[in-house]
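Here's a quick briefing to read with the model open beside you. Take a look at the structure, then work through the points below.

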Amino acid sequence: MAFEGLADRLQSTIKKITGKGKVSEQDVKEMTREVRLALLEADVNFKVVKDLIKRIKERAIGQEVMESLTPGQQVIKVVKEELTELMGGENSKIAVADRAPTVVMMVGLQGAGKTTTTGKLANLLRKKHNRSPLLVACDVYRPAAIKQLETLGEQLTMPVFSMGTEANPVDIATKAIEKAREEHHDYVIIDTAGRLHVDNELMDELQEIKANVKPDEIFLVVDSMTGQDAVNVAESFNEQLDLSGVVLTKLDGDTRGGAALSIKAVTDKPIKFAGMGEKLDQLEAFHPERMASRILGMGDVLSLIEKAQTNVDEKQAKELEEKMRTMSFTFDDFLEQMGQVKNMGPLDDLMAMIPGASKMKGLKNAQLDEKQLSHVEAIIQSMTKKERQDPSLMNASRKKRIAKGSGTSVSQVNRLLKQFDEMKKMMKQMTNMQKGKKGKGMKFPFM
Amino acid sequence: MGFMDKFKNRFKQDENAEEVSTKYKEGMKKSRQTFSGKINDLIARYRKVDEDFFEELEEVLISADVGVTTVMDLVEELKMEVKRQNIKDTKDIKEVISEKLVEIYYGDDDEKIEGLKLDKEDLSVILVVGVNGAGKTTSIGKLANQLKSQGKKVVLAAGDTFRAGAIEQLEVWGERAGVDVIKQGAGSDPAAVIFDGIKSAKAKNADVLICDTAGRLQNKVNLMNELSKVKRVIEREVPNAPHEVLLVLDATTGQNALNQAKTFSEATNVSGIVLTKLDGTAKGGIVLAIRKELNIPVKYVGLGEKIDDLQEFNAHAFVYGLFADMLEETE
């Protein structure tokens, strides 16, 4: 029942492929099927999934994946790229009207989180943009909705404009703008009642408010847990009101949030903010790329793959493998490897990107001390060329010299020599093991 | 007699069937139009039952939020059935599809309509839980109204002390339904409010106490622990209580609804679901998966914003609502 990330889903298919020299069209088909299921499980609308899969298939059947050494990872990369592209870039700007006040209208279904988001947005405008917003309570239908906004206004010490539940929402909005002008508020945020997108009467009311107050922004507030219906909701609100952006709420939950992708795909309007908690300062700029990873259920392993790809030269990696096999791995190679790993970023960050690494006991306590690494580097650099090629040359006086040169101690030099020896033994075992199944999913140069 | 006729007759024998069916048909009009419309369209377009047909059928079901796993299982079963009965024409598969879907709804005990399990002699306690914005307070208002109209003395406890305006919202519903609301100030301990509610309900000799709680996302461990505590207080103060723990579920929710049902069950042992906002285009198909995987029945559905728009869940009517077009066509 638990959701599987795309990576897990692809595991079995990848296993089948490993060992084969080439990836067949059938393999790609199987992989795209897994991609499809993963996306559907994440609540991405099936039509959106269909289009995506078509594009992914085209790219996958092309050279990109089939000729790659790591087809599984390549598929994930292609999927991620397509998702990220569809999600668009980051955009958390809020319009500023030529003539104050700037009017923002909040719309959406019941229970999406409009009123809370109204409060959060006002807070953000004041804190980050140094603005003075006026909140407007236009939800005259839901019991105590006005009271809710008033309470939020109190918590924020911000004025709330309301005219009770008997007034017409269109009048309330119009009068609020006048009031904002009088009192020199530079933003007006209008909280409207939640309504179903198929409720014509209430949708007309929104259009009327829009015609009267001419808002600079109309934000659709959407619950990130919404399922397949997100498409219909976003489409009708957009058709009738021409939205300017979307706010995704309740993203601090454990939903995969495929709705985000669906909404972006059908409206092509930017998702600007994300609600990340119940407190009034928990409204954040929306990060499309992180959302793409979340939808795929794969943590940040993608960033790790990307880092590995940009920093590890495929040719070098192959040479290394050859050296491992022939046992001609030297301290020079070791140094090179360390350089590549270091290029990928801080070790702790790398570890954090590996899914499940935080749960592995041994790794959790492992000392990932960058300083130790630089000690190792210094020791190797204090060796002569010959010593690096052939550690068996080492004797007491050489060790003393190296320790002195690197600012370490003889015992540290000894430890490194021992570790290097053990590493070579391990490599031998690994290469023997690998003889059976060539080309493992992904090769880390330092393994 | 074909399956459809049997199904229809069975439904029509229900008490108040006419009235209930009209409500469901009206309320679920949007859901139905898209869902069975799509199936009909699908059958019209594909004359032959083949892989492409099944793929599209998958999509139709998925579009109703039925859930990937459930859909895959269902389609697998359908394929077997098609083989077994040697069905080639899509027209003939229609009945099989409905039959299988209905099977999931009904499970093994197909005739049972599960209402609320309340204590007839003593105070019954209903605990209402769910994520933010699902419609807990509104559903409580509607439920209070319904129970009161059945001649029960109802008391509400305003256990959502967190969200701004939540207490006031419940008070308005209390007024509308004409029932008492027990409350403390905003920010007070919800368990204490519920405790007060129980004392007050006992003193007033009430039949039913409905406890509102603050909406919470199921992955917030602290908040879920708070909910367990509320439940423990109820257990301690009233024997056999809570008689019902209702999870309020927004029909527009996708696959996350399964997580919700599972986690809320772990914390409070959910006994039934109130499926809200079914009057939109959302179909709430995820209740199929929830019923199948966790065996939690749906007890009520919210079909509109009016106080009497909460209907006791009637599996027959629900399926009838989804398939009404198809059923009428076969007449």
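Leaving aside its neighbours within four places in sequence, which residues is Val136(A) in contact with? In this predicted model, Val136(A) touches Phe161(A), Ile172(A), Ala173(A) and Ala176(A), along with Val188(A), Ile189(A), Ile190(A) and Asp191(A).

**Nonpolar cores**

- The largest nonpolar core has 173 residues, and the ones touching the most other members are Val136(A), Val188(A) and Ile190(A) from chain A plus Leu156(B), Leu209(B) and Ile210(B) from chain B.
- Helix 5 of chain A (residues 71-87) gives this core its largest share, seven residues.
- Both domain 1 (6-87) and domain 2 (102-296) of chain A supply residues to this core, so it lies between them.
- There's also a second, separate core of nine residues, with Phe331(A), Val376(A), Ile380(A) and Leu416(A) among them.

**Helix 12 of chain B**

- Helix 12 of chain B spans residues 286-294, and its buried residues include Ile286(B), Val287(B), Leu288(B), Ala289(B), Ile290(B) and Arg291(B).
- Among the elements covering those buried residues are helix 5 (68-85), helix 6 (90-106) and helix 11 (256-268) of chain B, as well as strand 6 (272-276) and strand 7 (298-302) of chain B.
- Just past helix 12 of chain B, Asn295(B) has a positive phi of about 55 degrees.

**Annotated stretch in chain B**

- An unreviewed UniProt entry carries the annotation "domain: SRP54-type proteins GTP-binding" for residues 297-310 of chain B.
- Residues 297-310 of chain B are 0% helix and 43% strand, with the end C-alpha atoms 16 Å apart.

Conventions:
Residues are numbered from 1 along each chain as its sequence is written. Chains are lettered from A and ligands numbered from 1 in the order in which they are written. This is a predicted model: local features need pLDDT of at least 70, side-chain atom pairs count only at pLDDT 80 or more; totals for chains, interfaces and linings use all residues. UniProt positions are given in the numbering used here, feature names are shortened, and annotations may be inferred rather than shown by experiment. Helices (H or I, at least four residues) and strands (E, at least two) are DSSP runs, numbered from the N terminus. A nonpolar core is a set of buried Ala, Val, Leu, Ile, Met, Phe, Trp, Tyr and Cys residues joined through C-beta atoms within 7 Å. A residue is buried if 20 or more other C-beta atoms lie within 10 Å of its own, exposed if 12 or fewer, and partly exposed in between; C-beta atoms are placed from the backbone. Domain bounds come from an automatic or database domain assignment. Two residues are in contact if their C-beta atoms, placed from the backbone, lie within 7 Å.
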